[in-house]
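Please look through the sequence and the model below before reading on. The paragraphs that follow begin with one pair of residues and then widen the view step by step.

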Amino acid sequence: MQNDPELNGKYLGTISKDFVVVAETLKEASYQVRKRDISKYPIFVFSRTDVPIGSLFLAKEDLALEWHIYASYLEDFIRHKLVDEEKIEDFVAAYKDPDEYCCLFVVDGENFTNFVFIPYPED
């Protein structure tokens with residue numbers, strides 16, 4: 001669950017550009033997921049195409065983004081077998097403070113998927 005170095009070059013620029021636009025919205029959504037006891041581990045899926053993970057939260061066309069953003073959480077990832085039952089402890093250990101970092105799952109076609117934690121901008 002380390003950030004893949006490939007993410008830095010190929011994806012980080014476009015993800016960061018979109019993230020800045022939606023960071024406050026994602027931070028509030030993360031807070032609501034935790035406050036309502038839906039999950040302690042919110043995950044936002046960034047994908048350029050439709051994916052069957054979570055619920056579409058922000059469509060790229062609506063905000064002139066490059067990525068669709070889906071709202072999900074750890075238990076949904078376990079149900080979809082994206083986090084293996086034996087790896088739950090590893091995921092929880094790697095998960096960063098959700099008040100400071102946004103957990104993203106980046107999907108680019110069938111060839112690339114990866115978790116990345118991006119810090120929320122400071123006020």
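Strands of a sheet pair through backbone hydrogen bonds, either parallel or antiparallel.

Before going further, note that this is a predicted model, in which local features need pLDDT of at least 70 and side-chain atom pairs count only at pLDDT 80 or more, while totals for chains, interfaces and linings use all residues. Residues are numbered from 1 along each chain as its sequence is written, and side-chain values use heavy atoms, with hydrogens and water left out.

The protein has four helices and five strands, and from the N terminus on these elements follow the order α-β-β-α-β-α-α-β-β. Helices (H or I, at least four residues) and strands (E, at least two) are DSSP runs, numbered from the N terminus.

The five strands form an open sheet in the order S2-S3-S1-S4-S5, with mixed pairing. At its edges lie S2 (55-58) and S5 (112-119), each of which pairs on one side only. On average, neighbouring strands of this sheet are turned by 35° against each other, direction ignored, where the axes are lines fitted to C-alpha atoms, for helices over the stretch in contact, and angles run from 0 to 180 degrees between N-to-C directions.

Strand S4 can be followed from both of its partners. S1 and S4 run parallel and are joined by four bridges, with Ser-47 standing opposite Val-107 in S4. S4 and S5 run antiparallel and are joined by eight bridges, and here Leu-104 stands opposite Val-116 in S5. Because six of its eight residues are buried, S4 is largely enclosed by the rest of the structure; buried means under 20% relative accessible area, exposed over 50%, and partly exposed in between, with a 1.4 Å probe and protein chains only.

Which residues have the most contacts inside the largest nonpolar core? They are Ile-15, Leu-26, Ile-69 and Leu-104, in a core of 20 residues. Helix H1 (5-35), S1, S4 (101-108) and S5 each supply at least two residues of this core, and H1 gives the most, with seven residues. A nonpolar core is a set of buried Ala, Val, Leu, Ile, Met, Phe, Trp, Tyr and Cys residues joined through side-chain atoms within 4.5 Å. Apart from its neighbours within four places in sequence, Leu-104 is in contact (heavy atoms within 4.5 Å) with residues including Ile-15, Phe-44, Phe-46 and Phe-115. A second, separate core of 17 residues includes Val-51, Leu-74, Phe-105 and Phe-117.

Helix H1 also holds Ser-30 and Glu-28. Is Ser-30 buried or exposed? Ser-30 counts as buried because its relative accessibility is 2%, and, leaving aside its neighbours within four places in sequence, Ser-30 is in contact with Pro-42, Phe-44, Pro-98 and Tyr-120. Glu-28, by contrast, is partly exposed, with a relative accessible area of 41%.

Finally, consider the protein as a whole, where 43% of the 123 residues count as buried. Among contacts between residues at least 6 apart in sequence, 55% join residues at least 24 apart. The C-alpha atoms fill a box of roughly 35 × 35 × 25 Å, taken along the principal axes.

Technical notes: Two strands pair if DSSP finds at least two bridges between them.
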